[in-house]
Amino acid sequence: MVRNNLFVNIPSYFQCPISLDVMKSPVSLCTGVTYDRSSIQTWLDNGNNTCPATRQVLPSKDFVPNLTLHRLIQVWAAQLPAVSSQMVRAWIADVESRRFGALPKILDFVSDSDENRRFVASVDGFVAAVAGVLGNAGAGIEVLESVVRVLDLVVAGKGVKREEMERLILRSNIDRLSSVVLVLEKGSPDSKIASVRILEAIAIDVESKRAISEKDGLLSELLRLLSSETDSSSLDSVLSCLIAITATRQTKTQLVRSGLVQTLASTLSESTHPNSTAEKSMKLLLTISNCRDGHTAICEDPTCVAAVVERLSMKLSSSAAADAVTVLWSVCYLNRDSKAQAAVERSNGLTKILLLMQTNCSMNVRTMCSDLVKIFRVNSKSCLACYDTKTTHITPC
């Protein structure tokens, strides 16, 4: 909250539910809800007989002072950390003068809330000054980590548009992308994931995606992180980044030849991962399946095809189920790969495809499923041909 040109971060429980301002004289109604005395008195004087927050009818309009909360507010006000526009401009001047001691203060402030992030980003020159550090050859890894984390938080808090961030990092006369890659390689785990999210944020068109994916060492570092990361939210961030930057055939081929299909197969086979991770993995697998190397790698890895089939029987969103069917349709029907077809049959894929057709799937998915059923036609090896209904047929006399 901005007051007297100072930005004050107010704890929600210090705010009056009516005025949304800091309570000067907190009082509690019989419902247990606390309001500022002047605000609730005005509410009651206007003829209202309910609690504004709960809408309960008040059996009594009496209220009592909340002395404990009053004392807490007084202690908080005495130690109030306020940030003004002038202070932010002083931070900018320090950063531009290569006095990086202000960065930890900036990071602490923007880490606190989205409101803080939007406030600092609204000060002219702040985002440009912080992003400019990425082009400073003398900045150490700790400084670069702070910069990347600040920029990541500002983007997450919608304090700056992705297009502006892309312009500052990719369209500068100075190479700033290398510093992001350096943090990706040598930073702390949190800083690495922040750099991953920055990369995803600035991948806004084919040109930017190509510039990112063709940066030396970037794809291999992302794959290394994908293979080693165990935290689900971090995995999701890496997968989202790879989906965002994988646009060209060259990028897809490089990822496939670096072992991405095997990594995705392992991720899809791991049942402990949440659906979000499995669905992003499926989306990335679909993305690389339409290049020759990707299609070949999927077919050559029976665990990958089996993992895709297995995921069909789990709870997936309609879009993820469509992605899985499209992958199977591509390798089994469109390319008629016998290894992929055999892997689907071994995984009881026909039954799962038939079950999917009974759901409320899209017409396009239903059509692809129908094509797959034609491929796995009923024969002596199919589950349908072996199915014995145990029904006794009675011939009429």
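Two strands are taken to pair if DSSP finds at least two bridges between them, and helices (H or I, at least four residues) and strands (E, at least two) are DSSP runs numbered from the N terminus. The model is predicted, so that local features need pLDDT of at least 70 and side-chain atom pairs count only at pLDDT 80 or more, while totals for chains, interfaces and linings use all residues. Residues are numbered from 1 along each chain as its sequence is written, and side-chain values use heavy atoms, with hydrogens and water left out.

**View 1. The open sheet of 3 strands, in the order β4-β3-β5 with antiparallel pairing.** Because β4 (34-36) and β5 (64-65) stand at the edges with a single partner strand each, one side of each is left without a neighbour in the sheet. Strand β3 (residues 26-28) pairs with β5 in the antiparallel sense over 2 bridges, and serine 28 stands opposite valine 64 in β5.

**View 2. The largest nonpolar core, with 109 residues.** Such a core is a set of buried Ala, Val, Leu, Ile, Met, Phe, Trp, Tyr and Cys residues joined through side-chain atoms within 4.5 Å, where buried means under 20% relative accessible area (1.4 Å probe, protein chains only). Val88, Ile106, Phe126, Val127, Leu151, Leu218 and Leu285 touch the most other members, and helix α7 (residues 141-156) gives the most to this core, with 9 residues.

**View 3. The surroundings of leucine 151.** With contact meaning heavy atoms within 4.5 Å, leucine 151 touches Val127, Val130, Ala131, Leu134, Met165 and Ile198, not counting residues up to four places away in sequence. A second, separate core of 17 residues includes Ile10, Val22, Met23 and Leu44.

Notes:
Buried < 20%, exposed > 50% of the residue type's maximum accessible area, 1.4 Å probe, protein only.
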